[in-house]
Each structure stands twice: as structure tokens, then as C-alpha cells.
Amino acid sequence: MAGAAKREVLLVGSVPLGSAEQVFATCAGALAGQIKRLPDGETGPRTNWIVWQRAILAGNPALKQLAAAGPFPVFVLKPEHRGPVAFGPLGYAAAARESYAAFRRLRDAGRIPRGLRFQVSLPTPLAVIAQYIEASAQSAVEGPYRDRLLEEAHEIWGAIPHADLALQWDVAVEFAVLEGLRRVHFQPVYEGVVARLCALRDTVPAAVEMGFHLCYGDSGGKHFKEPADTSLLVKIANAISENAPRPIQWFHMPVPKERDDSAYFAPLKNLRLRPETRLFLGLVHPGDGIEGTRRRMAMAARFVKDFGIATECGFGRRPPETVPDLLRIHAEA
């Protein structure tokens, strides 16, 4: 690999450091010249992706939590509730404004190179609904939650200059739905999932960079189901790309650590991305370091030539002391 050009790197979102400032400075330094976008690490209460939205649901007067029957809390409508469900602030817009202020301070101080964008990662509305709302209540809750999340998205690109902003939609629970592991209130399921993702795609201003993180989860460091291969990921990426009215800057797809075989990567031959869209493969794993990363890269390159690299999910749930070595693997692979 000596003399080979370094791959572009995507930071999926979460980084387990103490603050946005620390994430910005650490990642900009470790990956200089390899990244175009910097997330804030989703530190503090946002560490575990959408878990912090449980408190929003628990505080909603229209909802009540059922007795635990699995790994995640489930909410239903209160029988006595009358009228529509409504949501106040979800916290995403406030977090983005605060982190962007830190981003600008560090950039003005020369600790973040000019030209990098601030990356905001948002869950899809269906992620929260399908994960935490019982199917019988989803039709009443999905619309109001979606509308409030999109209001916050509009607040974000209203407060941050478009030339400084990149927005990523985190698409994980959708794959649990498509794989039959989560129930939803709509049919047909595939068409309903795609329509929702395309609607999110269409709402983002063209001057804001936009990408999609396609994911099979990372609870306890494991996928909710190991993908058989990249075929469903490719199918969803193609559906989002088709007839897109605005540019899509990237798609990210996970690669399990054990999958360095041709069968996993072969469906990538069917990927039909737009010319401006970069594919990132989540094939960086700390367990086997640079050697394993390069092995998976070599196999992927048999089926798709132009790709960047990433972890298969955010790494916010890893011990903070592992971050420097994980960034080093990205930089040196």
C-alpha cells in the first residue's frame, strides 16, 4: 500500500469524546486531507443515537409506556387522550446551533481547516416511531413527530449557512422493518419505506450537502441482523437516487468484520449512483485493524472502484481511549 492515495473518510456521526470541541479538533487533526465533513460526535445526552428521544416520548401527555416486554420501551396512546398528538422541541436544532458555534470558534482559531463542512446527523422519523411506538399507535404519532423533526431540520439550515452544512439521514430501523424485525402501521412495507426516505431527500435545500447512512444497527456492538450481502442496501440506495431532484453527496453502507468474501460485495455491481455521489463502505473495524481493513477494501475493489471508507456505524459507544487508534486505522488504511 506504500505510495497509494489515501481514501476519503466519512465519520458516521458519534464519537465518544468529552465535547463537540474535542471531537472537532481531534478528528480534524487525525484525518487532515481525508475528510470533507466534521460531525460533533453526538456527545452528552445524544451519545446513544435516538435513546434520548425516549424522554420526549415519556413526557408527551398523549402517550404512556407499556410494561417492558423486550429490550426497548414501547409507548401507546393513553385511552383517555382526545385530539391530535403534538410535540414540542426535540433537541436536535438546539444541539446543532450550539455545536456549530463551537465549529466556527475552532475554525476561526485555525484548528479546523476552512472548506470543511459541519455535519449534522438526524434520525429518520420512522426510526423513532418504529422503534418505540406500538404499531396500533404509529399512525397517530408518526405524522406529528415527523412534522416536528422536519421543523427542527428547517431551523438547522435556517441558522447555519448552507455552504457550511452537511446533513445526513440515519437509516437503520428501516432495515429492521424491511427484514421483518419491526412492525409498522403501513402496507406495502417496502414502498412505504422508500416513499418516506425520498420525501426526506426532497426536503433538504440543494445547497446543503446531503447523504444517507444505511445501517443494520450497533446495539451492544452487534447488528440487529447480519446482512446476507449488500443487495438490500444497494436496492434502497438505487431507489433513493432514482429521479432525485437534488444532488446526493454520499451513501454509506456497513460491512461486517467477518465479510471479506466476494458474495457480500458482489451486489455492488448493480449500484446506480449519480455522478456526484460518493459511496462509503463501513469496513473499518478496530478488532483487526489495518490488515483487516485492507483485506475488505481489496475485495470491495473487485466490484466497485471509487469508494471511501468509514466504520460500519458511529463509534460513540466505544471506550474513549480507543478513538485515537481507530482514527489512525482510517488514516493509514
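Me: Which residues of α4 and α5 meet?
Reply: In this predicted model, P125, L126, V128, I129 and A130 of α4 meet Q138, V141, E142, Y145, R146 and L149 of α5.

Me: Nice. How do those contact residues divide into nonpolar, polar and charged?
Reply: The contact of α4 with α5 has 8 nonpolar residues, 1 polar and 2 charged.

Me: And where do the two helices sit in the chain, and at what angle do they pack?
Reply: Helix α4 covers residues 125–132 and helix α5 covers residues 135–159. They pack at about 150°, and their axes are 9 Å apart.

Me: Why is α4 called roughly antiparallel to α5?
Reply: Their angle is about 150°, and angles over 145 degrees count as roughly antiparallel, so α4 is roughly antiparallel to α5.

Me: Is that crossing left-handed or right-handed?
Reply: α4 and α5 cross in a right-handed way.

Me: OK, switching topic. What about α1 and α3, at what angle do they pack?
Reply: Helix α1 (residues 20–30) packs against helix α3 (residues 92–108) at about 45°, with the axes 9 Å apart. That angle makes α1 oblique to α3.

Me: Which residues make the contact there?
Reply: On the α1 side they are A20, E21, F24 and A25. From α3 come S99, A102, F103, R105 and L106.

Me: How many of those are nonpolar, polar or charged?
Reply: For α1 with α3, 6 are nonpolar, 1 is polar and 2 are charged.

Me: Last one: which hand does the crossing of α1 and α3 have?
Reply: α1 passes α3 in a right-handed crossing.

Notes: Residues are numbered from 1 along each chain as its sequence is written. This is a predicted model: local features need pLDDT of at least 70, side-chain atom pairs count only at pLDDT 80 or more; totals for chains, interfaces and linings use all residues. Side-chain values use heavy atoms; hydrogens and water are left out. Axes are lines fitted to C-alpha atoms, for helices over the stretch in contact, and angles run from 0 to 180 degrees between N-to-C directions. Helices (H or I, at least four residues) and strands (E, at least two) are DSSP runs, numbered from the N terminus. Angles under 35 degrees count as roughly parallel, over 145 as roughly antiparallel, 65 to 115 as roughly perpendicular and the rest as oblique. A crossing is left-handed if the near helix is turned anticlockwise from the far one by less than a right angle, and right-handed if clockwise. Contact means heavy atoms within 4.5 Å. Ala, Val, Leu, Ile, Met, Phe, Trp, Tyr, Cys and Pro count as nonpolar, Asp, Glu, Lys and Arg as charged, and the others, Gly among them, as polar.
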